Amino acid sequence: MSLLEIKNLKVRVEDREILKGINLKLDAGEVHSIMGPNGSGKSTLAQVLARRETYQITRGEVLFNGKDLLAMKPEEAACEGLFLAFQYPVEIPGISNAYFLRSALNAIRKYHGQEEVDAMDFLPKLREKIKLLEMDEKLLNRSVNEAFSGGEKKRNEILQMAVLEPTLAILDETDSGLDIDALKIVAKGVNAMRSPERAILVVTHYQRLLDYIVPDRVHVLVDGRIVRSGGPELALQLEEQGYATMESAARGA
Amino acid sequence: MIRQMGNNKVATATQAIQNYAESFSGLEKNAASRELPWLRKIRQDGFGRFGETGFPTLRDEDWRFTNLSAIAQTPFRLVHNGHRLPSQSDIEPYRVAGAACELVFVDGRFAPEISYLGELPARVKVANLAEELARDPGAVEAHLGRYLDIRRDPFSALNTAFIEDGAYIHIGKGIVLEAPIHLLFISAAHGAPTVNHPRNLIVAEENSQATFIEDYISLGRREKALCNTATELIAGDHSVISHYMIEREHEQAFNVSTLRIQQGRSADVASHSVLVGGAVVRNNVHPVLAGEGGECLINGLFVGSGRQHLDNYMLVEHASPHCGSRQFYNGILDGHAHGVFHGRIIVHKDAQKTDAKQTNRNLLLSDTAQIDTKPQLEIYADDVRCTHGATIGQIEENSLFYLRSRGIDEASARRLLLMAFASECLDRMKEGPARAHVESLIHRDMGRVAHASLREGQPA
């Protein structure tokens, strides 16, 4: 059984069809990348998988660990092991980052019938992850993402992923707005999470991130459909030729 | 005012005043008022003024958002003796951990049996007004009724007419009291609508430091009751004072409170109001910065649901140079609740270098909740800085999704976001037992509101 299996997924926003029949399989231990130009539906796919409710699913099925993902609420999907690193992490004034992380971890532990972790036990674990991402510990006591720099926000997403230890992590344009140093740190954080039990789906516009997080498979999403799938070399080919040739190929098909 | 109303309403309003007039003449026969001519005069002036005006109407600029017909038309009676006293265990859940002492008032009267007086330092006097009037009327006469403006507000006039009991607190020069003084006011059920008029007098001498909590609750059945309370707080030169007003009565209760603060030179006063209960609530805060260099923080949180009406009327008077005032009120409104924030700042002619700031932020959790926010600046000095701002918003869907995407269920996510909004007010309170008390209260209330708003948001 695949960890994630998307079958003929069609999604609308108001009157516009954004995803026009997506098929994708992702096994535990794999890293896949979805690449595509702006407006191709990459972020919609990521948000639908994380169960954002503003989208209308008109057709298809998504199985996550064999369970019907599309029947789950966002919190249920998260508790089942799905994690979305947001393209635009949300600022939440008044809730400290540390408190937020512990609340999320405990919500998931509670779902699995595990005991809650208290602040004293939580902190050492958190410090270790923070070190890996070369983050300033002060960010823990600040409000979630509030007045964080672009790079700090993206690192904070990866920190959450490291704490929550999902089985499926979806990274939505995690590379956007990062300088090369920050990109390397984020990639290091993600690579540390690679394991035989976990799958990672890297959604990106540019090939750059894939130099550091090398995927097993690359899928090209154009106009709501996956038009090509291949190995990591496909990303390099896209970088050289651009999406234009694939777009015309998609139209021709 | 009465002339402008229809015939029917004239009759009702006249009846209402008649009703209070009967209660007032009953009180007049009381021996104490015959013994103290000055007190008798204060009361008579108060009732005379109330008789002239009656209850305010929507035509009154200071009351234009708050319909008082439910209060004016209810035949409230003063509570006389003979009521059942709540037991220690009844009030146990309302006590403040770490309080220096706790005065309990039942329907406006001191209840020594269930009060806790603790061991207070020398030169700190905590008593009830009726007792102090009997023991040392001179000390009371020096302040009582000298600050509260009965001409401006009919409820202040009515309260003054019915002065009988309340808290009397005197903090001596230079005394620093770390633990808060808790004043618990209970409206108890009586089978008929009742009214009480607690009157508090707090005098903090120069260089003193203290914290006071006024806490309004109801016990027993949910019957109509009006609590019309007034506090005169005199903050001496260089004193540092925190005052908390907590309204958490049941949903049939009417509560009108007035806090009149008189600030001396360089006095630093914080007024914190937390309104989570009551049917119709009017919270008047009226500091007068009378000495140079005074600082006043006016901080508040009001949380309404159902058909609650929560009206906050701030009147900040800058009467001396180099004073600062900061008003911050946050409102959370759900269901058909109606909130009001009226922030009036008056800068008198000589109050140069005034720095006055006012902010009102509101979260509306339903389409039917309503907020009226009105800044009103009257500036008669030329070298001042006054700013004001108001915002109205909803719970951000983006924030909600972000929290839920991390495994936090919707009700908890809403509670977290509401708590974050409320924390802005909590963060302005000094660390200590009073803040901890308020914090746990708000935590409980945010849970309640989060669940209620979640149910309402779901399709039937």
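This is a predicted model: local features need pLDDT of at least 70, side-chain atom pairs count only at pLDDT 80 or more; totals for chains, interfaces and linings use all residues.
Reader: How are two packed helices described?

Author: Two packed helices are described by the angle between their axes and by the distance between those axes. Here, α5(A) packs with helix α6 (residues 180–192) of chain A at an angle of about 5°, and their axes are 10 Å apart. Angles under 35 degrees count as roughly parallel, so α5(A) and α6(A) are roughly parallel to each other.

Reader: Which residues of α5(A) and α6(A) meet?

Author: From α5(A) come Gly151(A), Lys154(A), Arg155(A), Ile158(A) and Ala162(A). They meet Ala182(A), Ile185(A), Val186(A), Gly189(A) and Val190(A) of α6(A). By class, the residues of this contact are 6 nonpolar, 2 polar and 2 charged. On the spacing, an α-helix has 3.6 residues a turn, so residues three or four places apart point the same way.

Reader: How many residues of chain A are in contact with chain B?

Author: The size of an interface is often given as the accessible area lost when the parts come together. Here the contact is given in residues: 21 of chain A are in contact with 16 of chain B. On the chain A side, the elements giving two or more residues are α2, β7, α3 (97–111) and α5 (150–164). Of these, α3(A) gives the most, with 5 residues. The chain A side has 15 nonpolar, 3 polar and 3 charged residues.

Reader: Which residues of α9 in chain B are buried, and what covers them?

Author: In α9(B), residues 397–404, the buried ones are Ser399(B), Phe401(B), Tyr402(B), Leu403(B) and Arg404(B). Their cover includes α2 (74–79) and β7 (92–96) of chain A, together with α10 (410–426) of chain B.

Definitions and conventions
Residues are numbered from 1 along each chain as its sequence is written. Chains are lettered from A and ligands numbered from 1 in the order in which they are written. A residue is buried if 20 or more other C-beta atoms lie within 10 Å of its own, exposed if 12 or fewer, and partly exposed in between; C-beta atoms are placed from the backbone. Helices (H or I, at least four residues) and strands (E, at least two) are DSSP runs, numbered from the N terminus. Two residues are in contact if their C-beta atoms, placed from the backbone, lie within 7 Å. Ala, Val, Leu, Ile, Met, Phe, Trp, Tyr, Cys and Pro count as nonpolar, Asp, Glu, Lys and Arg as charged, and the others, Gly among them, as polar. Axes are lines fitted to C-alpha atoms, for helices over the stretch in contact, and angles run from 0 to 180 degrees between N-to-C directions. Angles under 35 degrees count as roughly parallel, over 145 as roughly antiparallel, 65 to 115 as roughly perpendicular and the rest as oblique.
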